[in-house]
Every structure is written in C-alpha cells, then in structure tokens.
Amino acid sequence: MSKKPENDLVVLVTGAATGIGAAIAETAIVRGHRVLLTDVDADAVHATARRLGDRAAAVPLDIRDPDGWGAAFDAAEARFGPVDVLINNAGIIHTGNTRDLSLKQHRDIVEVNLLGTMTGVCAALPRMTARGRGHIITICSMSSFLALPGYATYGGTKHAVRAFHHAVALEERHGPLDFTIIHPPSTRTKMLDQELADPTSAIAFAEKAATPQAVAKVVVDAIATKPVEVVFPVLAGRVQRLAGTLPLLIRWLMPLVEARGRRQRERLIRNGSVGLSTMAGRAE
Ligand SMILES: NC(=O)c1ccc[n+]([C@@H]2O[C@H](COP(=O)([O-])OP(=O)(O)OC[C@H]3O[C@@H](n4cnc5c(N)ncnc54)[C@H](O)[C@@H]3O)[C@@H](O)[C@H]2O)c1
C-alpha cells in the first residue's frame with residue numbers, strides 16, 4: 001500500500017469557527033492539508049470554511065454530542081477521506097472567581113472542556129485504530145500545570161484533560177496512534193476578550209499574549225513532528241510548569257504577578273485594545 005503524503009492529510013478541527021481553531025485550519029490548508037472545520041456555531045463555521053476555499057469544509061458539531069462526532073467523522077470521510085488528524089481545540093471559559101459563578105457555569109466548563117474532549121477521543125480511537133493510523137492533538141493550556149485565581153474550574157478541566165490525554169496515550173502505546181498535547185500561552189482571541197472585560201482575570205495579562213497564528217504554526221508543525229507535549233514559549237512555559245509544583249511559593253509571588261497582570265490589562269484598555277482578537281493577523 002502506498003504511504004499517504006504527510007503534507008496532504010485529512011484534519012478535523014473542533015471549535016474552528018474562530019480564534020485558535022480557525023487559525024489552525026487556515027495554516028493547515030496553507031501547508032497542503034484538507035480540513036473539516038467543526039464548531040457549535042453553525043453559521044460562523046460555514047462562513048470560516050467558505051473563506052478558506054475548497055480544501056476546507058464545515059460541519060456543525062457540539063463536542064458534547066456523541067452522535068454529532070459520528071456524523072462529523074462520516075462527513076470528513078465523504079468529502080476528503082478518513083480523518084488522519086483530530087485536533088481537539090474547542091473550549092470555553094466563564095470568567096470570575098469560583099464563588100461568583102453559578103453552578104451551571106461551572107458545569108458548562110466541565111462539560112465542554114473535559115467531557116467534550118473525552119467524547120471526541122472516544123469517537124476517534126476505534127475509527128483510527130481500525131484504520132491503523134491516526135494522530136490526536138489536544139489543545140490544552142498552561143493552566144493544566146499552574147492553579148490560578150479566577151481560573152479554578154477552567155484550570156481544573158485543563159489539569160484533567162492533560163491527565164486524560166496522557167493516560168490514553170499510554171494505554172495505546174503499543175498501537176498505531178500518535179498523541180500530542182500542546183499548551184499555548186494567553187492568545188488574542190474572543191476568549192481573551194472575555195478575560196480582558198473582567199478584572200478577576202487580570203492574571204492572564206501578566207504574560208504577553210500570542211497571536212492565534214503563532215499558536216497555529218506550533219500546532220500544524222506538530223502534525224509532522226508528532227511531539228508528545230509542547231509548552232511555549234519554552235522558557236516561560238518551563239517556569240510556569242515548575243511553579244505549579246510549588247504552591248507555597250505561588251502564594252508569596254501571586255501579589256506581584258497579579259499586580260503585573262492588572263497593570264498590563266489597564267494599559268491594554270487605555271490603549272483601546274478591547275477586541276484583542278480583531279488585532280490578530282492572518283496565517284502566514
Ligand atoms: N485564548 C487563550 O488565551 C487560550 C490560552 C490557552 C489555551 N486556550 C485553549 O485554546 C482553545 C481555543 O480557544 P480560543 O481562544 O480560540 O477560544 P475562542 O472562544 O476564540 O473560540 C472557541 C471556539 O469554540 C467553539 N465552541 C464553544 N463551545 C463549543 C462546543 N460545545 N462544541 C464545539 N465548539 C464549541 C466556539 O463557538 C468558538 O468558535 C480552547 O481549548 C482554550 O481553552 C486558549
């Protein structure tokens with residue numbers, strides 16, 4: 001059997017109507033892949049796919065819906081062929097401290113970020129294994145290493161997603177599938193706009209935000225190189241990773257980091273940077 005060219009793969013991306021997911025889809029297409037964009041927002045995902053041309057197609061998918069996953073895999077296969085790469089990207093946040101969010105908001109975050117991602121992996125495993133190939137890429141977060149105020153449930157889901165991802169990868173280590181998990185820094189998307197609007201999320205602005213295109217490049221590179229885990233920027237990522245193992249140190253440092261985040265957030269608002277996501281450029 002002839003081997004499939006590694007620069008023309010069928011990629012399914014969740015949460016691809018906007019933000020990091022849309023940038024991943026665009027970058028993957030520029031590199032020669034064909035992409036099924038999926039998103040809970042049907043109109044937006046169709047509009048994004050139309051903009052990306054005929055190597056893109058769109059299907060509405062709420063990642064919490066197991067039947068929807070089956071339909072999405074079938075749609076990808078009908079249009080482009082079997083899915084080679086699944087990119088679990090969709091995620092949500094409700095900003096605010098734990099006591100200020102409703103129980104429903106806490107549950108929503110868990111259902112989308114954790115259960116939705118798990119549902120996707122469970123849909124992909126039998127299909128990809130039966131085919132003898134497949135690569136599952138999970139977009140996670142630095143908050144999977146470091147517990148932060150204002151991010152209790154969000155960070156909790158990201159810790160759990162990381163544990164789930166690595167455990168499944170270990171279970172499948174003798175099989176044909178590849179697994180990669182990627183932890184982006186704060187990124188200029190609608191999610192970060194939500195955080196900018198809420199002072200309890202100031203900590204997100206302690207670091208310089210990346211563009212969705214910079215994140216997308218790392219993700220699409222990983223399709224070819226198949227790393228096990230990527231944190232970036234590398235140095236800041238390592239520092240945050242280490243800090244996550246030292247909760248007492250974090251308690252001492254938190255006032256400094258929060259003050260820096262508040263200053264940067266206020267500067268962004270003063271400079272009229274509300275709508276950070278609209279400032280991001282297009283894929284290279
Ligand atoms: N933006 C950041 O600062 C940042 C940092 C680290 C990690 N991340 C992670 O990156 C991923 C993408 O984030 P983003 O910043 O592009 O967010 P975004 O809010 O800009 O886009 C998320 C997309 O997911 C879709 N979505 C929401 N719920 C869904 C569901 N149930 N099913 C399918 N699609 C759904 C939305 O419609 C939207 O199009 C998320 O997993 C997020 O946690 C983001």
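Predicted model: local features only at pLDDT ≥ 70, side-chain atom pairs only at ≥ 80, totals over all residues.
Residues are numbered from 1 along each chain as its sequence is written, and side-chain values rest on heavy atoms, with hydrogens and water left out. Local features require pLDDT of at least 70 and side-chain atom pairs pLDDT 80 or more, whereas totals for chains, interfaces and linings use all residues.

The ligand is surrounded by 28 residues, of which Asp39, Asn89, Tyr154, Thr187 and Thr189 are the closest (a residue is near if one of its heavy atoms lies within 4 Å). Among the polar contacts (pairs of N or O atoms within 3.5 Å), a backbone N or O atom of Ile20 lies 2.8 Å from a ligand oxygen atom, and a polar side-chain atom of Lys158 lies 2.9 Å from an oxygen atom of the ligand. A polar backbone atom of Ile63 is 3.0 Å from a ligand nitrogen atom. Taken alone, the ligand exposes 820 Å², and the protein buries 92% of that (Shrake-Rupley method, 1.4 Å probe). Two or more residues of the shell come from each of α1 (19-30), α5 (152-171) and α6 (190-196), helices being DSSP runs of H or I with at least four residues.

A nonpolar surface patch of about 790 Å² is formed by Leu242, Leu246, Leu248, Leu249, Trp252, Leu253, Leu256 and Val257; patch residues have over 30% relative accessible area and no salt bridge, and nonpolar side chains (Val, Leu, Ile, Met, Phe, Trp, Tyr) are joined within 5 Å. A salt bridge places a side-chain nitrogen of Lys or Arg within 4 Å of a carboxyl oxygen of Asp or Glu. Helix α9 (residues 247-270) gives the most to this patch, with 6 residues, while Leu246 is placed in the loop between α8 (234-243) and α9.

Conventions:
Patch = residues over 30% accessible without salt bridge, like charges linked within 9 Å, V, L, I, M, F, W, Y side chains within 5 Å. Polar contact = N/O pair within 3.5 Å; in protein donor to acceptor, adjacent residues only side chain to side chain.
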